[in-house]
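Thank you all for coming; I would like to walk through this protein strand by strand and helix by helix, with the picture open beside us. Please keep the sequence and the structure in view while I talk.

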Amino acid sequence: MLSIYNTLSRNKEVFTPIEPGKVRMYVCGMTVYDYCHLGHARVMVVFDMVARWLRASGLAVTYVRNITDIDDKIIRRAQDNGETIRQLTDRFIAAMHEDADALGVLRPDHEPRATDYVAQMQSLISRLEQKGLAYVAANRDVCYAVRKFDGYGKLSGKSLDELRAGERVDVAQDKHDPLDFVLWKHAKTEEPGEVKWASPWGEGRPGWHIECSAMSSELLGEHFDIHGGGMDLQFPHHENEIAQSEGAHGHTFVNVWMHNGFVRVDDEKMSKSLGNFFTIREVLQKYDPEVVRFFILRAHYRSALNYSDAHLEDARNALTRLYTALKSVPVAGDAQVDWHEAHAQRFRAAMDDDFNTAEAVAVLFELANEVNRNASPALAGQLKALGGVLGLLGRAPQAFLQAGTPDAGGLEAAVIEARIAERAAAKKAKDFAEADRIRAELTAAGVILEDGAGGTTWRRA
């Protein structure tokens, strides 16, 4: 029975879908003005894992992950680049898809762009205005009156008096209260026409928070099962979503709120100001995408994830051990999980305990050890199939073991194969000194040779 930690209740709860057999899940996606970074990678991989496990558990999942394609940063970046907003956002949406595909992240069922849902946002704002929860400020922005919503603060666990205006709260003298937030931004003269929509409050564009309330209710209904995102979105973004949606509709918005932990770099929070900010594609220049996915999944999604070259190297070596076990006992055809088998039952128990991938990965290593000891085709099949549930171990073992990355250096595969052929010829000619020299040369280049009855194979160290 699946239990999920609910940020709203601060407890693990048995998960019961609103509609039996079906799950509706919304995850806050990217603001597309730059390349995705490691924090985005964690959100994408974590909730891809969640969707995969829900489906593996026999549930029909409708997964929505939005795209914010209108925002102050987007406007500034497009103006700086001398391109249209659409040109900028299309370019970075394509880059986001390339990164996600590389990491083995399946596409969501729906990927709505905010600019396609402005009419729904305006309708929601009008409803809030009619209920006395929204007002037109002196600067002609439309703002949400936070103190008129009784439940504000229930997600962050803070009272209104504790929620002082600060780093994540937009302070403006035109508001009735510093905690009030913008629903509709009145157009500025200098802004391009493509970010100005006609509205009952004059030309303008939606605020950030209203986007997700409108898109989620349009695609999943006014009440759905799971809402996810990074821990940094808990306040104010998700708190504001609750205020908007429950204020407008008068009932529960989301049953379960999930938040993944921060990414840290060498034990410091990742940030541009510290100069320890890495894009996904920068990391993939050094490490195989499956290694990065494995690195993310071997930690529990709610824990802090500490990125360092040492941790990525450790993840690469660990994943190599799993693929090495599968190389020694090849799996014929598509492997299917036998859920009655003991390892699979422990794997299920781990995943049903708030998606405990750390424990589930430990089960994979138990299986790999058994495969290495017993050369059991059945257990090798279990290893491959259970890895597949997490989006891992899907390649031919030799393809992973011989894979390189753009910045890894080392010898090309064709060069390695040629040197192996030269070594074989030297051995045949009984020139064992030359054969040993070639082996030593390849070892120094990070290539491990493995001699067997079928000949010599190789892998990267």
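Predicted model: local features only at pLDDT ≥ 70, side-chain atom pairs only at ≥ 80, totals over all residues.

Seven of the seven residues of strand β9, which covers residues 224–230, are buried, so β9 is largely enclosed by the rest of the structure. Buried here means under 20% relative accessible area, with exposed meaning over 50% and partly exposed in between, computed with a 1.4 Å probe on protein chains only. Residues are numbered from 1 along each chain as its sequence is written, and side-chain values use heavy atoms, with hydrogens and water left out. The helices (H or I, at least four residues) and strands (E, at least two) that I name are DSSP runs, numbered from the N terminus.

What does β9 pair with? Strand β3, residues 22–31, runs parallel to β9 and is joined to it by three bridges, and within that pairing Y26 has H227 as its bridge partner in β9. Strand β10, residues 254–260, also runs parallel to β9, here with six bridges, and F224 has V254 of β10 as its partner. When I say that two strands pair, I mean that DSSP finds at least two bridges between them. In general, the strands of a sheet pair through backbone hydrogen bonds, either parallel or antiparallel.

Let me turn to an open sheet of four strands, in the order β5-β6-β7-β8, where the pairing is antiparallel. Its edge strands are β5 (134–136) and β8 (204–206), each of which pairs on one side only, and the twist averages 25 degrees from one strand to the next. Between β5 and strand β6, residues 142–144, there are three bridges in the antiparallel sense, and Y135 stands opposite C143 in β6. Helix α4, residues 118–130, packs on this sheet and touches β5, β6, β7 (181–186) and β8, its direction making about 120 degrees with that of β7. Contact, throughout this talk, means heavy atoms within 4.5 Å. Axes are lines fitted to C-alpha atoms, for helices over the stretch in contact, and angles run from 0 to 180 degrees between N-to-C directions.

On the α4 side the contact is made by Q120, M121, L124, I125 and L128, and on the α5 side by I210, E211, S213, A214 and E218. These residues divide into six nonpolar, two polar and two charged, where Ala, Val, Leu, Ile, Met, Phe, Trp, Tyr, Cys and Pro count as nonpolar, Asp, Glu, Lys and Arg as charged, and the others, Gly among them, as polar.

Toward the end of the numbering, L442 sits in helix α15, residues 432–444. Is L442 buried or exposed? At 0% relative accessibility, L442 counts as buried. Leaving aside neighbours within four places in sequence, L442 is in contact with L411, R419, I420, V447 and L449.

Finally, the whole chain: the protein has 15 helices and 15 strands, and of its 461 residues 52% count as buried. Along its principal axes the C-alpha trace spans about 90 × 55 × 35 Å. Among contacts between residues at least 6 apart in sequence, 73% join residues at least 24 apart.
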